[in-house]
Amino acid sequence: MIALYFTLLFPFSGALLLGLIGHWKSAKYVNMTICWGTLIAAFLLALDVFEKGPILSSGKLFYIDAFNVYLILLNAFVGLTTSIFSGPYMSHERDIGRVGDKRMRLYHSMFQGFLFTMLAALSTNNLGILWVSIEAATLTTVLLVSLYRTHESIEAGWKYFIICGVGISQALFGTILVYFASAKVIPGHEDGLLWTVLQTYAAHMDKGVMALAFVFLLVGYGTKVGLVPLHNWLPDAHSEGPTPMSAILSGLLLNVALYALVRFKMLADPSLGNHLAGNLMMGFGMLSFSVAGILLHRQYDIKRMFSYSSIEHMGLMTFAFGIGGPLATFGALLHMIVHSLTKSAIFVTVGHASQIAGTQVISKIRGLVRSNPAVGWSLLLGTCAIAGFPPFGVFTSEFLLFTATIKSYPWLVLPLLVGLAVAFAGLFRNIQPMVFGEPPENQRKVPVNMWPVFIHLALVLWLGLAIPTVLAQWLNQATIMIVGQGVL
Amino acid sequence: MLIASLSMPEQVTLTLSALILLSSFLLLAQVRVDSLINTFALQGLLLFSATLAIAFISGKYDLLISAALTLGLKVIFIPSLLRRLIIRLDIHREIEVLVKPSLVMLFGGGLVLFSYYVSLPITELSLLSTRNTIAISLAVVLIGMLMIISRRKAISQVIGFMSMENGLFFAAVVSTFGMPMVVELGIAFDVLVAVILFGVFFFHIRAEIGSLDTDRLNRLNEVDK
């Protein structure tokens, strides 16, 4: 339990500390050190859960089980690698005059603040606190999206603020309805929002209220997941904010919102006794998957393109959780990890590539393999991984998802395959000339740190070749919790 | 349901919730920026009274803390902050041209009907003295959303946003006598931070486009360049 408190304490005090330190040069090292602390604490927490099973804190405020512990570890890990990347990246942004010292301080403080809200959302047992944390995540990142203070970035920030604020308000209405439904069946009224309590009473909660609540929750958290048609904020926020932010928004925030949605689905399913929640998720997921795949073709901005790829993958995961059943759920849980790792690695690479070319416009980034081979090859490998090439982990999880789909809804495999092919074409027709081809004259020399990318891609490769026993067990336990039976 | 057959406290709650809904429509129709803020403060005051009334009816005295939070935050702090902001931005006398006001009002009426339709299963189930207030709270939330969609000025959108929060708070009070205190405090803190950030954004938007007209924030789109 101590480990959990430290996992939360590190980023929280980090946000305060970095808010006070005005010195931007040391801030990036402090930022990195705090992320190391968080990762070590998260690792100890994971060991604890592995040995003793689910942990409930004394005040019942925190609850850690197999489902959220692996996401906590993933969050801490991606947080660390992104902070390593953000050091040289933000220094370069400062050198070329895009941000001043004051905004560097804001950036570092909010970076930790964002990690704190994500970890709090994952570890809390109280569904109300879950909402508060996810809303707080919007608040910590909204000024970062508009960090560069250009017309476009302010527009993106405003859109992000309004759309996510309005969207997440629907989720609060859904949460209130869940509390209302629980008040009828749970004796201790104050406990009516605690996940551990709700789960035992889920089957007795009123059907009508839960169905209505789930619709509101799906719309609300779905906005944050980036499901079409509520996705408009996402490409703007990702493309206009600083790149490390895009990496953790895409890699972490979307996952956490989906996590919240799945938690609520676990409550809605026994209460509804039918597949309504699953059908809704399948519909939204399939729509996002298809629309994002097509829109990949129409992008001119490299970060926008990859944010559409995020929408596509989140759609796929939502679809998989919607299908339900052990195989699809296991695949979706695995896909959460491999997508986070790959997508954050891609954003790191894209950040370096756009600094080398001095622009984010796809048609102006050319010949990366010649100007900086490490960046060029990483971009190519990352894109291969995200497109689902074997032997990368994305292939494994997508293969599991497709197998599950063939079992339960064979006719849906066709749109999935078409969607994948369309997305694949969209990615590669843009990536190929950026990686190969002649580099233009005015390329810049930028300090690059490719270690985070190499480590991420190596991990994704490892997960594609063999899933470690510990992880497989966690995912299996989480699958058992979500759908009642495991795959192993 | 006959109004006369209800007890006095129930009548008070119902009247207050009707007034809250009315204030939502007032917000929708208001064109002057300063009276928009006053109407928002009025809605907060009604919300405060409704929370007080329910606290005394139900005997849940925790609600008094929520009521105090509402009074401090939504009646005093946020309106006064917004008033200061519009004076500093020199837009306190501005009049906003509404787009198709009668259509928007009609649509708002439709949203109220929709809310009643949607919350029918809930009101039938409810044993609380505050039976159809949940439909009203949903209507307030949806009208807030409609306001954000139909207005152009950033400040009107923010007030729409805050009015949505009012609807949510009202829903929590009438359906379940408020959320657990730790959640309530968390939400209040989020609202507070959101308002301050909105204030920061006003200055950024004005610095960039010279006005608070969000219609001019239209550069980002999907078309190939």
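Ala, Val, Leu, Ile, Met, Phe, Trp, Tyr, Cys and Pro count as nonpolar, Asp, Glu, Lys and Arg as charged, and the others, Gly among them, as polar. This is a predicted model, in which local features need pLDDT of at least 70, side-chain atom pairs count only at pLDDT 80 or more, and totals for chains, interfaces and linings use all residues. Residues are numbered from 1 along each chain as its sequence is written, and chains are lettered from A in the order in which they are written.

Q: How do the residues lining the second largest cavity divide by class?
A: The second largest cavity holds about 60 Å³ of space. Its lining includes A:Asn68, A:Trp195, A:Tyr259 and A:Arg263. By class, the lining of the second largest cavity divides into six nonpolar, four polar and one charged.

Q: Which element gives the most residues to the lining of the largest cavity?
A: The largest cavity has a volume of about 180 Å³ and a lining of 16 residues, with B:Lys74 and B:Phe169 among those nearest its centre. At least two lining residues come from each of α6 (151-185) of chain A and α3 (63-88), α7 (154-176) and α8 (181-209) of chain B. With five residues, the element that gives the most is α3(B).

Q: Is A:Lys265 buried or exposed?
A: A:Lys265 lies in helix α10 (residues 243-272) of chain A. Beyond its neighbours within four places in sequence, A:Lys265 has contacts (heavy atoms within 4.5 Å) that include A:Phe214, A:Met281 and A:Phe321. Because its relative accessibility is 7%, and buried means under 20% relative accessible area (1.4 Å probe, protein chains only), A:Lys265 counts as buried.

Technical notes: Heavy atoms only, no water. Helix = DSSP H or I, 4+ residues; strand = E, 2+ residues; numbered from the N terminus. Buried < 20%, exposed > 50% of the residue type's maximum accessible area, 1.4 Å probe, protein only. 1 Å grid on protein atoms, 1.4 Å probe; cavity = no way out; pocket = protein on both sides within 12 Å on 5 of 7 lines; lining within 4 Å. Points joined across faces, edges and corners; volume = space filled by probe spheres on them.
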